Amino acid sequence: MFTSMKFAFFIPLSALVLFSACTKEIGPAIDFSKVQANDTFYMGPVENAQLKNVLIEEFTGVKCPNCPDGHDIVATIQNANPNRVIAIGYYPFNQAQTQPLAGLTKQDFRITDATDLSTFLGGVQFLPIAAVDRKMFGGAILNARTLWSNNVQTQLAMATPINMQLSVVYDDVTREAVIKTSLKYTSALSNKHNISIAIYENNIVDAQEYPSYIDSNYNFKHVLRDMITPIGGASVLDTLTTKAAGLVFEKTILYTLPTNWNPANCKIVAFVHDAAATKEVYQVIEKSVK
(Lines give C-alpha, C1' and ligand atoms only; values in the text may rest on other atoms or scores of the structure.)
Protein backbone atom coordinates (compact mmCIF):
# COMPACT_ATOMS: atom_id res chain seq x y z
CA MET A 1 0.00 0.00 0.00
CA PHE A 2 1.31 3.38 -0.91
CA THR A 3 1.26 6.29 1.50
CA SER A 4 0.17 9.68 0.22
CA MET A 5 2.29 12.68 1.14
CA LYS A 6 0.68 15.98 2.06
CA PHE A 7 2.90 19.03 2.06
CA ALA A 8 0.44 21.91 1.88
CA PHE A 9 0.27 24.64 4.50
CA PHE A 10 -2.26 27.46 4.33
CA ILE A 11 -1.34 30.99 5.37
CA PRO A 12 -4.36 32.82 6.84
CA LEU A 13 -5.79 35.85 5.09
CA SER A 14 -5.06 39.10 6.87
CA ALA A 15 -6.48 42.61 6.98
CA LEU A 16 -9.84 41.58 5.53
CA VAL A 17 -11.45 44.74 6.88
CA LEU A 18 -9.05 46.81 4.79
CA PHE A 19 -10.12 45.17 1.56
CA SER A 20 -10.92 47.79 -1.09
CA ALA A 21 -12.42 47.83 -4.56
CA CYS A 22 -9.22 48.64 -6.39
CA THR A 23 -6.27 47.34 -4.39
CA LYS A 24 -5.00 43.80 -4.58
CA GLU A 25 -3.86 42.17 -1.36
CA ILE A 26 -0.74 40.13 -1.92
CA GLY A 27 0.21 37.24 0.34
CA PRO A 28 3.80 36.11 0.88
CA ALA A 29 5.63 34.91 -2.21
CA ILE A 30 6.29 31.21 -2.56
CA ASP A 31 9.67 30.24 -1.20
CA PHE A 32 10.91 27.05 -2.87
CA SER A 33 13.20 26.29 0.09
CA LYS A 34 10.05 25.72 2.17
CA VAL A 35 6.63 24.28 1.63
CA GLN A 36 4.02 26.98 1.90
CA ALA A 37 1.07 28.63 0.22
CA ASN A 38 -0.76 31.90 0.15
CA ASP A 39 -4.24 33.35 -0.32
CA THR A 40 -5.01 36.69 -1.95
CA PHE A 41 -8.18 38.52 -2.91
CA TYR A 42 -9.12 41.68 -4.78
CA MET A 43 -11.90 43.27 -6.84
CA GLY A 44 -11.91 42.95 -10.63
CA PRO A 45 -14.38 43.34 -13.47
CA VAL A 46 -17.50 41.16 -13.40
CA GLU A 47 -17.10 38.35 -15.92
CA ASN A 48 -19.78 36.50 -17.84
CA ALA A 49 -20.53 33.20 -16.14
CA GLN A 50 -18.76 30.10 -17.41
CA LEU A 51 -20.68 27.02 -18.45
CA LYS A 52 -21.03 24.83 -15.41
CA ASN A 53 -18.85 21.75 -15.22
CA VAL A 54 -19.95 18.70 -13.23
CA LEU A 55 -18.04 16.57 -10.72
CA ILE A 56 -18.56 12.82 -10.39
CA GLU A 57 -17.07 11.28 -7.23
CA GLU A 58 -17.20 7.52 -7.74
CA PHE A 59 -16.65 5.00 -4.94
CA THR A 60 -15.27 1.87 -6.53
CA GLY A 61 -13.14 -1.22 -5.88
CA VAL A 62 -10.88 -3.79 -7.52
CA LYS A 63 -12.82 -6.74 -6.03
CA CYS A 64 -16.10 -5.29 -7.27
CA PRO A 65 -17.43 -7.18 -10.34
CA ASN A 66 -19.88 -4.38 -11.20
CA CYS A 67 -17.35 -1.57 -10.88
CA PRO A 68 -15.93 -1.82 -14.43
CA ASP A 69 -19.46 -1.12 -15.65
CA GLY A 70 -19.47 1.98 -13.43
CA HIS A 71 -16.17 3.09 -14.98
CA ASP A 72 -17.66 2.59 -18.47
CA ILE A 73 -20.71 4.67 -17.57
CA VAL A 74 -18.48 7.51 -16.37
CA ALA A 75 -16.43 7.32 -19.58
CA THR A 76 -19.60 7.40 -21.69
CA ILE A 77 -20.87 10.47 -19.82
CA GLN A 78 -17.53 12.24 -20.26
CA ASN A 79 -17.32 11.40 -23.96
CA ALA A 80 -20.84 12.76 -24.50
CA ASN A 81 -19.96 16.01 -22.71
CA PRO A 82 -16.35 16.87 -23.67
CA ASN A 83 -14.46 18.89 -21.06
CA ARG A 84 -17.61 19.39 -18.98
CA VAL A 85 -17.55 16.34 -16.66
CA ILE A 86 -14.69 15.64 -14.25
CA ALA A 87 -14.43 12.33 -12.39
CA ILE A 88 -12.47 11.08 -9.38
CA GLY A 89 -12.38 7.44 -8.24
CA TYR A 90 -12.34 6.76 -4.49
CA TYR A 91 -11.05 3.51 -2.97
CA PRO A 92 -11.94 3.55 0.76
CA PHE A 93 -10.72 1.11 3.42
CA ASN A 94 -14.14 0.35 4.88
CA GLN A 95 -15.43 -1.79 1.99
CA ALA A 96 -14.63 -5.46 1.36
CA GLN A 97 -14.77 -4.89 -2.42
CA THR A 98 -11.93 -2.37 -2.31
CA GLN A 99 -9.47 -4.84 -0.81
CA PRO A 100 -6.55 -5.96 -3.02
CA LEU A 101 -6.92 -9.10 -5.11
CA ALA A 102 -4.68 -11.65 -3.39
CA GLY A 103 -1.62 -12.52 -5.45
CA LEU A 104 -2.65 -10.21 -8.29
CA THR A 105 -2.88 -6.64 -7.05
CA LYS A 106 0.40 -4.79 -7.42
CA GLN A 107 -0.72 -1.48 -5.92
CA ASP A 108 -3.28 -0.86 -3.18
CA PHE A 109 -5.37 2.17 -4.16
CA ARG A 110 -7.07 2.54 -0.78
CA ILE A 111 -6.34 5.71 1.17
CA THR A 112 -7.71 7.21 4.35
CA ASP A 113 -8.96 10.29 2.51
CA ALA A 114 -11.34 8.13 0.47
CA THR A 115 -12.58 6.43 3.64
CA ASP A 116 -13.20 9.79 5.30
CA LEU A 117 -15.01 11.05 2.20
CA SER A 118 -17.30 8.02 2.22
CA THR A 119 -18.51 9.11 5.66
CA PHE A 120 -18.55 12.82 4.77
CA LEU A 121 -20.82 12.17 1.78
CA GLY A 122 -23.34 10.10 3.70
CA GLY A 123 -22.05 6.54 3.82
CA VAL A 124 -21.36 3.95 1.11
CA GLN A 125 -24.02 1.22 1.03
CA PHE A 126 -22.75 -0.66 -2.03
CA LEU A 127 -20.30 -0.36 -4.94
CA PRO A 128 -20.17 1.29 -7.36
CA ILE A 129 -21.90 4.40 -6.06
CA ALA A 130 -21.27 8.05 -6.86
CA ALA A 131 -22.03 11.64 -5.97
CA VAL A 132 -22.85 14.05 -8.78
CA ASP A 133 -21.90 17.57 -7.70
CA ARG A 134 -22.62 16.39 -4.14
CA LYS A 135 -26.26 17.26 -4.78
CA MET A 136 -29.06 15.38 -3.08
CA PHE A 137 -30.94 13.24 -5.60
CA GLY A 138 -33.78 11.08 -4.29
CA GLY A 139 -32.87 11.89 -0.70
CA ALA A 140 -29.20 10.88 -0.96
CA ILE A 141 -25.94 12.39 -2.19
CA LEU A 142 -24.62 8.97 -3.26
CA ASN A 143 -26.61 7.19 -5.98
CA ALA A 144 -26.51 3.97 -8.01
CA ARG A 145 -24.90 3.98 -11.43
CA THR A 146 -28.24 3.79 -13.27
CA LEU A 147 -28.92 7.38 -12.11
CA TRP A 148 -25.58 9.02 -12.87
CA SER A 149 -26.29 10.08 -16.44
CA ASN A 150 -29.60 11.79 -15.67
CA ASN A 151 -28.14 13.46 -12.59
CA VAL A 152 -25.23 14.81 -14.64
CA GLN A 153 -27.57 16.23 -17.28
CA THR A 154 -29.54 18.01 -14.56
CA GLN A 155 -26.38 19.64 -13.22
CA LEU A 156 -24.97 20.59 -16.62
CA ALA A 157 -28.00 22.83 -17.11
CA MET A 158 -27.40 24.72 -13.86
CA ALA A 159 -25.83 28.18 -13.67
CA THR A 160 -22.75 28.87 -11.57
CA PRO A 161 -22.05 32.05 -9.56
CA ILE A 162 -18.31 31.38 -9.61
CA ASN A 163 -15.88 31.17 -12.52
CA MET A 164 -12.76 29.09 -11.88
CA GLN A 165 -9.27 29.08 -13.34
CA LEU A 166 -6.49 26.64 -12.51
CA SER A 167 -2.80 26.55 -13.38
CA VAL A 168 -0.10 24.01 -12.49
CA VAL A 169 3.65 24.52 -12.88
CA TYR A 170 5.66 21.35 -12.25
CA ASP A 171 9.40 20.92 -11.61
CA ASP A 172 10.74 17.53 -12.75
CA VAL A 173 13.80 17.76 -10.51
CA THR A 174 12.14 18.60 -7.20
CA ARG A 175 8.76 17.00 -8.09
CA GLU A 176 7.15 20.17 -6.75
CA ALA A 177 3.96 21.52 -8.30
CA VAL A 178 2.80 25.10 -7.87
CA ILE A 179 -0.99 24.96 -7.97
CA LYS A 180 -2.87 28.22 -8.40
CA THR A 181 -6.65 28.34 -8.25
CA SER A 182 -8.72 31.47 -8.91
CA LEU A 183 -12.37 32.00 -7.99
CA LYS A 184 -14.10 34.88 -9.77
CA TYR A 185 -17.59 35.76 -8.57
CA THR A 186 -20.04 36.53 -11.39
CA SER A 187 -22.88 37.26 -8.96
CA ALA A 188 -23.11 37.98 -5.24
CA LEU A 189 -22.93 34.90 -3.02
CA SER A 190 -23.68 34.86 0.72
CA ASN A 191 -23.56 31.12 1.43
CA LYS A 192 -20.46 29.89 3.22
CA HIS A 193 -18.40 27.77 0.86
CA ASN A 194 -15.11 25.92 0.72
CA ILE A 195 -12.57 25.03 -1.93
CA SER A 196 -11.29 21.47 -2.27
CA ILE A 197 -8.20 20.47 -4.23
CA ALA A 198 -7.39 16.85 -5.09
CA ILE A 199 -4.90 14.95 -7.22
CA TYR A 200 -5.67 11.77 -9.16
CA GLU A 201 -3.67 9.48 -11.45
CA ASN A 202 -4.64 7.87 -14.77
CA ASN A 203 -3.32 4.86 -16.69
CA ILE A 204 -2.38 2.62 -13.78
CA VAL A 205 -2.30 -0.97 -15.03
CA ASP A 206 -3.35 -3.49 -12.38
CA ALA A 207 -5.83 -6.27 -11.62
CA GLN A 208 -9.62 -5.72 -11.69
CA GLU A 209 -12.37 -8.24 -11.03
CA TYR A 210 -15.25 -8.66 -13.51
CA PRO A 211 -18.40 -10.79 -13.00
CA SER A 212 -16.83 -13.87 -14.60
CA TYR A 213 -13.08 -13.22 -14.73
CA ILE A 214 -10.19 -11.05 -13.52
CA ASP A 215 -8.39 -8.68 -15.88
CA SER A 216 -4.76 -8.50 -14.74
CA ASN A 217 -4.02 -5.62 -17.14
CA TYR A 218 -6.93 -3.31 -16.46
CA ASN A 219 -6.28 0.39 -17.12
CA PHE A 220 -7.42 2.35 -14.08
CA LYS A 221 -8.46 5.99 -14.49
CA HIS A 222 -9.12 8.86 -12.05
CA VAL A 223 -7.58 7.09 -9.02
CA LEU A 224 -7.57 9.50 -6.09
CA ARG A 225 -4.03 9.88 -4.77
CA ASP A 226 -4.61 12.64 -2.23
CA MET A 227 -7.02 15.29 -1.06
CA ILE A 228 -4.58 18.17 -0.78
CA THR A 229 -6.98 20.33 1.19
CA PRO A 230 -8.88 19.04 4.25
CA ILE A 231 -11.68 16.54 3.52
CA GLY A 232 -14.36 19.19 3.94
CA GLY A 233 -12.36 21.75 1.96
CA ALA A 234 -10.61 24.98 2.93
CA SER A 235 -12.82 27.95 3.81
CA VAL A 236 -13.11 30.88 1.40
CA LEU A 237 -13.28 34.37 2.96
CA ASP A 238 -15.58 33.33 5.80
CA THR A 239 -15.27 36.77 7.39
CA LEU A 240 -17.09 38.33 4.44
CA THR A 241 -20.85 37.96 4.82
CA THR A 242 -21.34 38.40 1.08
CA LYS A 243 -18.86 37.84 -1.73
CA ALA A 244 -19.72 40.59 -4.21
CA ALA A 245 -19.81 40.16 -7.97
CA GLY A 246 -16.32 40.99 -9.26
CA LEU A 247 -14.51 39.61 -6.20
CA VAL A 248 -11.50 37.45 -7.06
CA PHE A 249 -10.03 34.94 -4.58
CA GLU A 250 -6.76 33.14 -5.34
CA LYS A 251 -5.19 30.19 -3.55
CA THR A 252 -1.64 29.10 -4.35
CA ILE A 253 -0.22 25.84 -3.00
CA LEU A 254 3.22 24.26 -3.30
CA TYR A 255 2.79 20.47 -3.38
CA THR A 256 5.37 17.69 -3.67
CA LEU A 257 4.46 14.51 -5.55
CA PRO A 258 5.67 11.18 -4.11
CA THR A 259 8.17 9.29 -6.24
CA ASN A 260 5.81 6.38 -6.99
CA TRP A 261 3.33 8.58 -8.88
CA ASN A 262 3.78 9.35 -12.57
CA PRO A 263 3.30 13.13 -12.89
CA ALA A 264 2.57 12.80 -16.61
CA ASN A 265 -0.56 10.82 -15.68
CA CYS A 266 -1.64 13.01 -12.76
CA LYS A 267 -4.29 15.74 -12.77
CA ILE A 268 -5.21 18.36 -10.21
CA VAL A 269 -8.93 18.87 -9.56
CA ALA A 270 -10.21 22.01 -7.83
CA PHE A 271 -13.84 22.54 -6.91
CA VAL A 272 -15.79 25.04 -4.83
CA HIS A 273 -18.78 23.80 -2.86
CA ASP A 274 -21.37 24.84 -0.29
CA ALA A 275 -20.28 24.57 3.33
CA ALA A 276 -23.52 25.58 5.02
CA ALA A 277 -26.90 24.06 4.19
CA THR A 278 -25.64 21.58 1.59
CA LYS A 279 -22.41 20.23 0.12
CA GLU A 280 -23.38 21.06 -3.47
CA VAL A 281 -20.59 21.88 -5.93
CA TYR A 282 -20.80 25.27 -7.65
CA GLN A 283 -17.98 24.73 -10.14
CA VAL A 284 -15.12 22.30 -10.81
CA ILE A 285 -12.02 22.45 -12.99
CA GLU A 286 -9.00 20.21 -13.64
CA LYS A 287 -5.48 20.57 -15.03
CA SER A 288 -2.71 18.14 -15.89
CA VAL A 289 0.35 18.27 -13.65
CA LYS A 290 2.61 18.30 -16.73
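Me: What makes the largest pocket a pocket, and how much space lies in it?

Reply: On a 1 Å grid over the protein atoms alone, a pocket is an open set of points with protein on both sides within 12 Å along at least five of seven lines. The largest one holds about 310 Å³ of space. Among its 19 lining residues, His71, Ala75, Gln78, Lys221 and His222 are the closest to its centre. A lining residue has an atom within 4 Å of a point. The volume is the space filled by probe spheres set on the points, which are joined across faces, edges and corners.

Me: How do you know what the model is, and how its residues are numbered?

Reply: This is a predicted model, where local features need pLDDT of at least 70, side-chain atom pairs count only at pLDDT 80 or more, and totals for chains, interfaces and linings use all residues. Residues are numbered from 1 along each chain as its sequence is written, and side-chain values use heavy atoms, with hydrogens and water left out.

Me: Which element gives the most to the lining of the largest pocket?

Reply: Helix 1 does, with six residues. Helix 1 (67–80) and strand 10 (214–220) each supply at least two. Helices (H or I, at least four residues) and strands (E, at least two) are DSSP runs, numbered from the N terminus. The chain has three helices and 15 strands.

Me: Why is strand 13 called largely enclosed?

Reply: Buried means under 20% relative accessible area, exposed over 50%, and partly exposed in between (1.4 Å probe, protein chains only). Ten of the ten residues of strand 13 (residues 247–256) are buried, so the rest of the structure largely encloses this strand. Leu247, Phe249, Lys251, Ile253 and Tyr255 point one way. Val248, Glu250, Thr252, Leu254 and Thr256 point the other way. In a regular strand, side chains alternate between the two faces of the sheet.

Me: What makes strand 7 and strand 13 a pair?

Reply: Two strands pair if DSSP finds at least two bridges between them. Strand 7 (residues 176–185) and strand 13 have nine bridges, so by that rule they pair. They run antiparallel. Val178 stands opposite Leu254 in strand 13.

Me: Why is Ser235 called partly exposed?

Reply: Ser235 has a relative accessible area of 41%, so it falls in the partly exposed range. Ser235 sits in strand 12 (residues 234–235).

Me: Which residues does Ser235 contact, leaving aside its neighbours within four places in sequence?

Reply: His193 and Asn194. Contact means heavy atoms within 4.5 Å.

Me: Which residues of helix 2 are buried, and what covers them?

Reply: In helix 2 (residues 112–120), Asp113, Ala114, Thr115, Leu117 and Ser118 are buried. Their cover includes strand 2 (54–59), strand 3 (85–90) and strand 11 (223–227).

Methods: On a 1 Å grid over the protein atoms alone, a cavity is a set of points where a 1.4 Å probe fits but cannot get out, and a pocket is an open set with protein on both sides within 12 Å along at least five of seven lines; lining residues have an atom within 4 Å of a point.
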